[in-house]
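Good morning, colleagues. Today I would like to discuss salt bridges and one surface feature. Please look at the sequence and the structure first.

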Amino acid sequence: MQQIMLLVQYTLVYASVLTLVALGGCYSERSGIINIGLEGIMVMGALGGALVLGHISPALPGIVIFLLTVLASMVFGMLFSLLLGVAAINFKADQTLAGTAMNMLGLALATVIVKALNIASSGGSNNSAEIAYTATREKLLLAKGTEFSMFMILTVIIIAAAYILLYKTRFGLRLMACGEHPQAANSVGISVSKMRYAGVLISGALGGIGGIVYITAGVSKANFEIGVAGFGFLALAVMIFGQWKPHKIALAALLFGVFRALANVNSGFDFLTALKLPQPVYNMLPYIISLIVLAFTSKSSHAPKAEGIPYDKSTR
Amino acid sequence: MESNKTKRTNLFKRLLAMPGFRSFISALACILIGLLIGYIVLLIINPEQAGNGISTILKNFMTRNSEKLRMKSFGNTLVKTAPLILCSLSILFAYKAGLFNIGAAGQYVLGAGASLYCALALNMPWYVCLLAAVLAGALLGAISGAFKAYLNVNEVISCIMLNWISLYAVNSVLKDLCPIGYKDTFTLASRNPSAILPKLGLDGLFGNTSVTIAIPIAIIIAVYIWVILAKTKFGYEIKATGYNRNAAKYCGMREKQNIILTMVIAGALAGLASALLFLSDFSQWDINQSSIPAMGFNGIAASFLGGLHPIGAIFSSYFIQHITDGGASLDTRFYPVQIADLISAIIIYLCGFVLFIKLKMLKASGSIPQKRPDMSADIKPASENKKGGER
């Protein structure tokens, strides 16, 4: 029973991460920009959040710590996502290349910043890339000793908000129009580049929050040399599986969350230990599942029609 | 009669009209801006040491004390340049067909696993290990290629998934091939010296036992890839597929087969890359590593910096490895060694703007061609012609 509780907790943690980041990817792609750089955005968001968690006083009320952490992650994620916006929207750069560079840049930049801070504060003796936040992290938990945190509540709110924003508001419909047929959107007076910036910035904010949720999952210190282990890309798989629709993305994230959680808690289940699968198999599982899922779902893709294509006014 | 000034501007315009010159200038611009930002970062972290820091990065082995040490250290950089050249060839080859082979990292990992397993567990000679690595990489490339061609799966995402799967697989396969209590695999010298690549006297030249035929192999293959791309029908088909997949199909090229074949070759190149490094017995595989080796990703930097030209890749690979090694010798009391990674990442990011810079230069040269520019010059693969909804 205890094991099942643990599995549920980790599933929800990882599902939250994947939902947030996949929703971020969804907003960006709905506006027409492929965001391969989510991994880097996550790392930068995690950096912003971890800096707050590591330096804020644990005596403050939990909700204040929570809000400041989320705010910092969002701001870091959004600022970093501007790199994609500028390259893809203003300079019509190859979006895959810009995104890949952002992944490398995010990891290197976060490592350099954290190490530089550690070196400066320790006078050169500590050159690790770690930030510890044991006390402040506990404040974010809903119940001590579990993994249920305020982030999960936030995730549920964001899913609902994402659905309403995308389908029920003028902004959302215009955003989607820019991803489907930017020429048509532009011809009725919608600024494609503004909408695409909005999409990229929202993906930066959500990716940033996803980053802080990921690095605070189950551990009380973050090592920025490791990064986020391909979660940005798993989230893209979740997004495709969820067919770029917020509610389906949430369900897809739950499925992937279960498999990722099994990597953490498989040893507690009798029927799983009886299978005698080596640990690496569990580690590979989320990636293998997503490959299989992609193989079956990509053929009839519901991807936004104009994603990845720089908008050129003269093609109208 | 023309005045001197107009002659000079004419020369400049003629130079700008040359694709090679444009690539060179834009690569130079990326490097300079990248280094400048790197220098600013050094200044922010520790202003007093910044001058020292940037010169350490740029000088790399030249900071060593004696001629002998400099040669040895130069040799070390070359040993790591060889695999980087192959990784960047892998990426540029796929890119010519409009495919982004971010899976070079995973193909590299699987190649390392295959070659080390053949060397340490099966006691095979070096050429068998080399072949095993090539096949392993090719297999992984084939998977991504087939997924792309037949199932419409975006190669970037399938490649990333395969990267992680390969890492975990290789870590567990090589687990039993380490000395007890160590996390690195056995050295080839201690277990199976026949698996070490032949040296042909190069080790004596550099005073460095790790310098093998890996470096000449890498250069020969770069030239060979250039010949394939520039002079053969297959190379032409690859570029045509990259330029416009549908047009290639209409012309009767088997575009699906070409996609898979391209990925197979790209994978084989990345697999060979790791064999060149690990069969030089320069470094061992760390079975506890939890992140994918940077070599494959640095290959992206090298291929774009080299203007997506196989010969350019040789020089850009050396440059990237040079500053990476230089960064590794930074004084860790003052600076994190990842500054070099930061600089390479900035350079890759700036490479995204290269097309824009090149277009500006082309305009400045006043020779905007009426028809679309020659494919072999400034190739802009599929993304622009990409069919909507492709995944």
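A residue is called buried when its relative accessible area is under 20%, exposed when that area is over 50%, and partly exposed in between. Please keep in mind that this is a predicted model.

I begin with chain A. At a relative accessible area of 8%, A:Lys115 is buried, because this value is under 20%. Its partner in a salt bridge is A:Glu225, with N to O at 3.8 Å. A:Lys115 belongs to helix 4 (residues 95-122), whereas A:Glu225 sits in the loop between strand 2 (221-223) and helix 10 (231-241), so the bridge ties together parts that are 110 residues apart in sequence. A:Glu225 itself is partly exposed, at 35%.

Over all chains, the whole structure contains ten salt bridges. Let me turn to those of chain B. B:Lys80 and B:Asp325 form one, and their closest N and O atoms are 2.9 Å apart. This pair links helix 4 with helix 15 (residues 310-328), across 245 residues. Which of these two side chains is buried, and which is partly exposed? B:Asp325 is buried at 11%, while B:Lys80 is partly exposed at 21%.

Finally, the surface of chain A carries a nonpolar patch of about 730 Å² accessible area, whose members include A:Leu60, A:Val75 and A:Leu79. A:Leu79, in helix 3 (residues 62-90), counts as exposed at 54%.

Note on methods. Residues are numbered from 1 along each chain as its sequence is written. Chains are lettered from A and ligands numbered from 1 in the order in which they are written. This is a predicted model: local features need pLDDT of at least 70, side-chain atom pairs count only at pLDDT 80 or more; totals for chains, interfaces and linings use all residues. Side-chain values use heavy atoms; hydrogens and water are left out. Patches are made of residues with over 30% relative accessible area and no salt bridge: like charges are joined within 9 Å, nonpolar side chains (Val, Leu, Ile, Met, Phe, Trp, Tyr) within 5 Å. Accessible areas come from the Shrake-Rupley method with a 1.4 Å probe; for residues, only the protein chains shown count as cover. A salt bridge is a side-chain nitrogen of Lys or Arg within 4 Å of a carboxyl oxygen of Asp or Glu. Helices (H or I, at least four residues) and strands (E, at least two) are DSSP runs, numbered from the N terminus. Buried means under 20% relative accessible area, exposed over 50%, partly exposed in between (1.4 Å probe, protein chains only).
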